[in-house]
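This report describes one protein chain, from its overall make-up to a few side chains. The sequence and structure are shown first, and the description follows.

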Amino acid sequence: MEDYALFIKAMLDLQQASITSSNTNYWLETAVKLQDEFDKFLWSLEASGYYNSPRDE
């Protein structure tokens, strides 16, 4: 779980660092897609938080 969070944070850092060099939102869009996947597989509505492993395990 922490790996996802740190990876998403790294993508947001890359987005911030690349703002002046390009007008693309590649890193931001990629981070949002990964966060959506993270939520899909690890979010618990019942617990209002994240599972430590995927729900299907």
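Is Phe 38 buried or exposed? In this predicted model, Phe 38 has a relative accessible area of 5% and is buried, because buried means under 20%.

**Overall make-up**

The protein chain holds 2 helices and 2 strands, and their order along the sequence is α-α-β-β. It has 57 residues, of which 18% are buried. Its accessible surface is about 4,600 Å², and carbon and sulfur atoms contribute 57% of that area. Among contacts with a separation of 6 or more, 26% join residues 24 or more positions apart.

**Helix α1**

Helix α1 covers residues 2-17, 16 residues in total. From its first C-alpha to its last it reaches 22 Å, close to the 22 Å expected at 1.5 Å a residue. Its buried residues are Ile 8, Met 11 and Gln 15. Seen down the axis of α1, these buried residues fall within an arc of 55 degrees, so they line one face of the helix. The exposed residues Glu 2, Asp 3, Leu 6, Gln 16 and Ala 17 are on the other side of α1. The cover over the buried residues includes α2, residues 26-42.

**Gln 15**

Gln 15, in helix α1, has a relative accessible area of 9% and is therefore buried. Leaving aside residues up to four places away in sequence, Gln 15 touches Thr 24, Asn 25, Tyr 26, Trp 27 and Leu 28. With Trp 27 there is also a polar approach: a polar atom of the Gln 15 side chain lies 3.3 Å from the backbone nitrogen of Trp 27.

**Aromatic pairs**

How many aromatic pairs does a search of the whole structure find? The search finds 2, and their geometry is set out below.

| Pair | Distance between ring centres | Angle between planes | Arrangement |
|---|---|---|---|
| Tyr 4 and Phe 38 | 5.0 Å | 35 degrees | tilted |
| Tyr 26 and Trp 27 | 4.9 Å | 75 degrees | edge-to-face |

The labels follow from the plane angles: planes under 30 degrees apart count as stacked, over 60 as edge-to-face and the rest as tilted. At 35 degrees, the rings of Tyr 4 and Phe 38 are therefore tilted. At 75 degrees, the rings of Tyr 26 and Trp 27 are edge-to-face.

Why does the pair of Tyr 4 and Phe 38 tie together parts that are 34 residues apart in sequence? Tyr 4 lies in helix α1 and Phe 38 in helix α2, so the pair joins these parts across that separation. Phe 38 is buried at 5%, whereas Tyr 4 is partly exposed, with 28% relative accessibility.

In the other pair, Tyr 26 is partly exposed at 46% relative accessibility. Trp 27 is also partly exposed, with a relative accessible area of 30%. Both Tyr 26 and Trp 27 are among the residues that Gln 15 touches.

**Surroundings of Tyr 4**

Which residues does Tyr 4 touch, not counting residues up to four places away in sequence? They are Leu 34, Glu 37, Phe 38 and Leu 42. For Glu 37, the C-alpha to C-alpha distance from Tyr 4 is 9.8 Å, and the two residues are 33 residues apart in sequence.

How values were computed. Residues numbered from 1 in each chain as written. Predicted model: local features only at pLDDT ≥ 70, side-chain atom pairs only at ≥ 80, totals over all residues. Heavy atoms only, no water. Helix = DSSP H or I, 4+ residues; strand = E, 2+ residues; numbered from the N terminus. Expected span 1.5 Å × (residues − 1). Buried < 20%, exposed > 50% of the residue type's maximum accessible area, 1.4 Å probe, protein only. Arc of directions from axis to C-beta. Contact = heavy atoms within 4.5 Å. Phe/Tyr/Trp six-rings, centres within 6.5 Å; stacked < 30°, edge-to-face > 60°. Areas by Shrake-Rupley, 256 points an atom, 1.4 Å probe, with all protein chains shown as cover. Polar contact = N/O pair within 3.5 Å; in protein donor to acceptor, adjacent residues only side chain to side chain.
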